[in-house]
Amino acid sequence: MSALANHPFVKMNGLGNEIVVVDMRAQKGAITAEDARAAAQPAGAPYDQMMVLHPPRLAGTEAFVRIYNNDGSESGACGNGMRCVADIVFRESGKAALTFETRAGLINCWKGDAPLTSTVDMGPPRFAWNEIPLAEKFEDTRAIELQIGPIDNPILHSPSAVNMGNPHAVFWVDDVNAYDLARIGPLLENHPMFPERVNISLAHIVSRERIVVRVWERGAGLTKACGSAACAVVVAAARLKRVNRKAIATLPGGDLMIDWRDRDNHVLMTGPVEYEFEGRFDPKLFSAPTQPAPTSGGGPGEGARSKGRG
């Protein structure tokens, strides 16, 4: 039987980014990709990401957090999800500062001045082609040679690439709503250029203080908000000298304040969370095999191209 069977959960969201938090610090048990897909079914607790707290492995941390996308894959970072986790532990512990361990490293969180608001230190961005990672070597990842659509008239081209705990590709556009991201997203997510798949963002720079963003999230699909994508977009725009190092990312679900801090190169993300409901997973969810979620399926297709670099 799955470790999630009859296990309690808390359903939350961060600017509409649907999050389920499962606390397994008091018990042993492994969650499989099939378990994660089953939990995301309509009869379970549909989510973009599921944040699972395990007993801490390192002194000074509150928990080791594993992050599952709704297709069963694991993610290294989820800024909106970490704010949800942090708010629960803030209430439980009475602390105003917390440290968690994730696959992407240590994540520090601070309680905000406003209720249900917190700041998450997402760590330093990584720009080297093999750290993102990319399948081909690019000396400058501010704009890589990749396009979708006809060679002589591409729909999208020359994205900025950055790793913010997850790989991200950012396409600069005049109108983020002018593209069928539900169709383009999975083509680009699964492009051979990205051996670990990639989060796709469409970004429109409004001013030096604000960027409008839409995101196709790796392993989850279209989402109202993605914290690591918001960080990646502001960092990528700042690298191009098009925005300040502190700017607002406006997503369909609302605003996140992003601060790419000068003194240590870390990226801080500040935003709210919301509690929705609590429940327990029905054991019947895990009694039959589930199919992989369709949101991020498909290959690169004929319309997505990159220029070989040898």
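Rings of Phe, Tyr and Trp (for Trp, its six-membered ring) are taken as a pair if their centres lie within 6.5 Å, with planes under 30 degrees apart counting as stacked, over 60 as edge-to-face and the rest as tilted. Ring pairs of this kind link Phe9, Phe277, Phe281 and Phe286 into a cluster. The structure is a predicted model, in which local features need pLDDT of at least 70 and side-chain atom pairs count only at pLDDT 80 or more, while totals for chains, interfaces and linings use all residues. Residues are numbered from 1 along each chain as its sequence is written, and side-chain values use heavy atoms, with hydrogens and water left out.

The structure holds four aromatic pairs. One of them joins Phe9 and Phe277 edge-to-face, at 6.1 Å centre to centre and with 80° between the planes. This pair links distant parts of the chain, 268 residues apart: Phe9 belongs to strand E1 (residues 8-14) and Phe277 to strand E19 (residues 274-280). Strands (E, at least two residues) and helices (H or I, at least four) are DSSP runs, numbered from the N terminus. The two partners can also be compared by burial, where buried means under 20% relative accessible area, exposed over 50% and partly exposed in between (1.4 Å probe, protein chains only). Phe9 is buried, at 5%, whereas Phe277 is partly exposed, at 41%. Phe281 and Phe286 also form an edge-to-face pair, with 6.2 Å between the centres and 80° between the planes. Phe281 is buried, with a relative accessibility of 1%, and Phe286 is buried too, at 14%.

Rings also meet charges in this model. A charge is said to sit over a ring if NZ of Lys or CZ of Arg is within 6 Å of the ring centre and within 35 degrees of the ring normal. The charged end of Arg57 sits over the ring of Phe64, at 3.8 Å from its centre. Arg242 lies over the face of Trp172, and here the distance from the ring centre is 5.7 Å.

Salt bridges come next. With the requirement that a side-chain nitrogen of Lys or Arg lies within 4 Å of a carboxyl oxygen of Asp or Glu, a search of the whole structure finds 15 salt bridges. In the one between Lys11 and Glu18, the closest N and O atoms are 2.2 Å apart. Lys11 is buried, at 4% relative accessibility, and Glu18 is partly exposed, at 23%. Another salt bridge connects Arg261 with Asp264, the closest N and O atoms being 2.6 Å apart; Arg261 is buried at 17% and Asp264 is partly exposed at 28%. Through shared partners, salt bridges join Lys11, Glu18 and Glu276 into one network. Asp71 and Arg197 form a salt bridge with 3.3 Å between the closest N and O atoms. This pair links distant parts of the chain, 126 residues apart, with Asp71 in the loop between strands E4 (64-69) and E5 (74-75) and Arg197 in the loop between helix H3 (181-189) and strand E13 (199-207). Asp71 is buried, with a relative accessible area of 11%.

Eleven of the 15 residues are buried, so H2 is largely enclosed by the rest of the structure. The buried residues of H2 include Gly79, Met82, Val85, Ala86, Val89 and Phe90. Just after H2, Gly94 takes a positive phi of about 75°.

Two strand residues complete the picture. His168, in strand E12 (residues 167-172), is buried at 0% relative accessibility. The side chains of His168 and Ser228 are joined by a polar contact of 3.0 Å; such a contact is a pair of N or O atoms within 3.5 Å, where, within protein, one must be able to donate a hydrogen and the other to accept it, and residues adjacent in sequence count only if both atoms are side-chain atoms. Contact in general means heavy atoms within 4.5 Å. Leaving aside neighbours within four places in sequence, His168 is in contact with residues including Val162, Val198, Asn199, Cys226 and Ser228. Leu222, in strand E15 (residues 221-223), is partly exposed, at 42%. Among the residues that Leu222 touches, not counting those up to four places away in sequence, are Asp48, Leu181, Arg214 and Trp216.
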